[in-house]
Amino acid sequence: SPASLLRAKSLSRSVLRIALDVEATVAANREQAAQLAKQERERLAATAQARIHEHLRAIKVDEDRIVGSDDATKQAQSCLRAVQHARYAFFASKQVCERRLELRADRPPKAHGRSLAPDDTPQDALRAQHQALCAARQALLVFEEQAKGLLRDLEGVREHLARDAALRRLAAETDRAWIISLNSIPLASTSHAPPPAPPSPPPDLDPVAAEAHCRRVSELEAWVTSLKAEALAEVHCLKERAAKATARVEDALMHSVYEKDDVGKRLKAEAKEVDSTITHAERSMYATRKNLQRGDAVGQSKVAALEALIGDLRQTRQDLQEDINTKAALLGIDERCRKVTAAMAAEKRPGARVATPVAAMTAATMAAPAASPANVFGAAARFQFGPPGQAFSPAAGRPRAGGQDAVLAKTATAWLKPMGVGKAASF
């Protein structure tokens, strides 16, 4: 019927309109879901990009601090090398000083109640130099320990910073990979299912500790700069003190050598004069005894007094010879001290210190009778006039020209000719 047709057409139009409305609603909902998924994806990607930028910024800070720690390490190593080189130089000077003190320890001891080798200026200068070098060595060792401690701290902080930078690079690469995987997912899929969760940061990553290590590096850099300036200034000051102490030692040794040489020459001149006096006194006493009359008590007493004076003069001559030998030994020791070098001082010697050739020569010289004119004239006097306390016998007369007497006379003449006595020494 017509009514049925109209109702069917109306229902058809209603169904079509409703279907179109449903399709429009579904499409609008799909579009809205896609838009929301896109916004969420963009938000997650922006958050990941922010994390990446933060990681890159922190990595840049870590790298700057690592470069600073490397520069500070180079400065600390330079300071350590300068201090060590100065300590090695002071050690060489200390070895030279100790070798000189060892040589001067072999000086002759006290004899006849007087000091033949007192603690003179070179000895005091050497002791002062040794004390200065030991103090400088201790001061440099303190600087070395401080520099080594700073190097250990810098190495530890650098290791932590490098680890933090590596962890942040890993986290940044992980975020980049996650962003790529997120963008590769179709929006239609994300509208029905939630996007993948962002990656979690590495468990060992500690931003607070990284900032503390950065501040620590800045502090260590300031300490290294201060230590280097202080150490270099102290090394310069210690070098000046060591140079002054070395100059004092060299000057004292030079003056000591010149002084001992001058004293030795004066002692030898005095010994020659004493020998000449003994020669003339013995000839005078011999002539007086030869012309002395029997029963002349006054003459005999004068001859006895002259003989006693000659004995005292011989003892004085012996003391002079001992002083000459001592001065010669001391002069040789000081000359050897002046010639000591760092290479000579570094030579290995036996563990137990033995007597040096100078000490052996000095001991042998002091123990053996000196081959001097006094000894020759002493032997001649004992041969002519007999041992002390024995009266002179005119019957003995002058020594004969042959045999042992001639040899003794020739020996005495040979000793006296270089001293300017000349024919006065001939018998």
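Reader: Start with confidence. What is the mean pLDDT of the chain?

Author: This is a predicted model. The mean pLDDT of the chain is 77. Of its residues, 77% reach 70 or more.

Reader: Where is confidence lowest, and where is it highest?

Author: Lowest in helix H8, residues 373–385, with a mean of 35. Highest in helix H2, residues 121–183, at 91.

Reader: Which residues stay under 50?

Author: Residues 111–117 do, and the model has 14 contacts for them beyond four places in sequence. Residues 352–427 also stay under 50.

Reader: Noted. Now the fold. How many helices and strands?

Author: Nine helices and zero strands. From the N terminus on, the elements run α-α-α-α-α-α-α-α-α.

Reader: How much of the chain is buried?

Author: Buried residues make up 33% of the 427 residues.

Reader: And what share of the contacts links residues 24 or more positions apart?

Author: That share is 87%, counted among contacts with a separation of 6 or more.

Reader: On to helix packing. How do H1 and H5 cross?

Author: H1 covers residues 2–104 and H5 covers residues 297–338. Their axes come within 9 Å and cross at roughly 170°. Angles over 145 degrees count as roughly antiparallel, so H1 and H5 are roughly antiparallel to each other.

Reader: Which residues make that contact?

Author: From H1, Arg99, Arg100, Leu103 and Arg104. From H5, Ile333, Asp334, Arg336, Cys337 and Arg338.

Reader: What does that come to by class?

Author: The contact of H1 with H5 has six charged residues, three nonpolar and no polar.

Reader: Is glutamine 84 buried or exposed?

Author: Buried. Its relative accessible area is 18%, and the cut-off for buried is under 20%.

Reader: What about valine 83? How far is its C-alpha from that of leucine 232?

Author: The two C-alpha atoms are separated by 7.7 Å. Along the chain, leucine 232 and valine 83 are 149 residues apart.

Reader: Where is leucine 232, and how accessible is it?

Author: Leucine 232 is in helix H4, residues 207–291. Its relative accessibility is 40%, so leucine 232 counts as partly exposed.

Reader: Over to H5. What is leucine 320 in contact with?

Author: Leucine 320 is in helix H5. Setting aside neighbours within four places in sequence, leucine 320 is in contact with Leu267, Glu270, Ala271 and Val274.

Reader: How far apart are leucine 320 and valine 274?

Author: They are 9.4 Å apart, C-alpha to C-alpha. In sequence, leucine 320 and valine 274 are 46 residues apart.

Reader: Is leucine 320 buried or exposed?

Author: Buried. Leucine 320 has 10% relative accessibility.

Reader: Last topic, cysteines. How many disulfides?

Author: The count comes to zero disulfides. A disulfide needs a pair of cysteine sulfur atoms within 2.5 Å. For cysteine 134, the nearest cysteine sulfur is that of cysteine 97, 8.1 Å away. Cysteine 134 is therefore in no disulfide.

Reader: How accessible are cysteine 134 and cysteine 79?

Author: Cysteine 134 has 26% relative accessibility and counts as partly exposed. Cysteine 79 counts as buried, at 4%.

Reader: Thanks, that covers my list.

Definitions and conventions
Residues numbered from 1 in each chain as written. Predicted model: local features only at pLDDT ≥ 70, side-chain atom pairs only at ≥ 80, totals over all residues. Heavy atoms only, no water. Axes fitted to C-alpha atoms, helices over the stretch in contact; angles between N-to-C directions. Helix = DSSP H or I, 4+ residues; strand = E, 2+ residues; numbered from the N terminus. Parallel < 35°, antiparallel > 145°, perpendicular 65-115°, else oblique. Contact = heavy atoms within 4.5 Å. Nonpolar A, V, L, I, M, F, W, Y, C, P; charged D, E, K, R; others polar. Buried < 20%, exposed > 50% of the residue type's maximum accessible area, 1.4 Å probe, protein only. pLDDT = per-residue confidence, 0-100.
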